[in-house]
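The stops below are given in the order in which to select them.

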Amino acid sequence: MTPFTTLTSRAIPLLRDNVDTDAVIPSREMKSTGRTGLADGLFAPWRYSDVAARLADPAFPLNQSEAKGQRILLAGANFGCGSSREHAVWALMEWGITCVIAQSFAPIFAANALRNGLLPVALPAEVIAAMPWAEVHVDLPAQTVTCGASVHPFDIAPEPKLMLLEGLDAIDLTLKSRPAIDAWTREDRAARPWVYLEKLA
């Protein structure tokens, strides 16, 4: 994964509560089990006035000229609710979103986001209300979001913070403990050699 340290971007406002994963990426838009080919279907029911013809709705925030190249999405409460599909995170990231700032997140979505390199930041509704289309700076090491002269702290657990900062997935994180795992295995092999008997041919 690409490490996440700091990010400066204008904030694209999608200030709706209870945005579920089927709205983020509808099941009919998931044409493979891979992580690519999903950006075109991101928010398809809202983004297109005619989904089949892919006619863009100019009023939808992601279709506005200000959104081009921006990487922060603003949302309301309970973002990412509904099914546990990891494709929702993949679709956001393929489009270019690497940070979602919302009032709250569905727990499974937040966990999927952190495992895939997307930073979910929970901030109060009154703070988010001042951010639409503003330039926002996210500092993960300091755990702050800055908008204008206002600086807002946010919470993140130590382990997912480390994973984001170093660009680690779950396997990479485990392998950081490889020396300790190897040392334990050597000691255990000496104490219980019968556990490690080679399989007979």
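Predicted model: local features only at pLDDT ≥ 70, side-chain atom pairs only at ≥ 80, totals over all residues.

Residues are numbered from 1 along each chain as its sequence is written, and side-chain values use heavy atoms, with hydrogens and water left out.

**Helix α6**

Select residues 158-166, which make up helix α6. Helices (H or I, at least four residues) and strands (E, at least two) are DSSP runs, numbered from the N terminus. Pro160, Lys161, Met163 and Leu164 are the buried residues of this helix; buried means under 20% relative accessible area, exposed over 50%, and partly exposed in between (1.4 Å probe, protein chains only). These residues sit on the same side of α6, because they cover an arc of only 160 degrees around the axis, taken from the directions from the helix axis to the C-beta atoms. Pro158 and Glu159, on the other side of α6, are exposed.

Step just past α6 to glycine 167, where phi is positive, at about 65 degrees.

**Glutamine 70**

Is glutamine 70 buried or exposed? Its relative accessible area is 15%, so glutamine 70 counts as buried. Show its neighbours: leaving out residues up to four places away in sequence, glutamine 70 touches Ser9, Arg10, Ile12, Trp95, Gly96 and Ile97. For arginine 10, draw a distance to the backbone nitrogen, which the side chain of glutamine 70 reaches at 2.8 Å.

**Two positive phi angles**

Select asparagine 78, in the loop between β4 and α3 (87-95). Phi of asparagine 78 is near 60 degrees, a positive value in a residue other than glycine. With a relative accessible area of 26%, asparagine 78 is partly exposed.

Then move to tryptophan 133, in the loop between α5 (125-128) and β7 (135-139). Here phi is near 65 degrees, again positive in a residue other than glycine.

**Tryptophan 194**

Finish in the segment after α8 (178-191), at tryptophan 194. Tryptophan 194 counts as exposed because its relative accessibility is 57%.

Definitions and conventions: Polar contact = N/O pair within 3.5 Å; in protein donor to acceptor, adjacent residues only side chain to side chain. Contact = heavy atoms within 4.5 Å.
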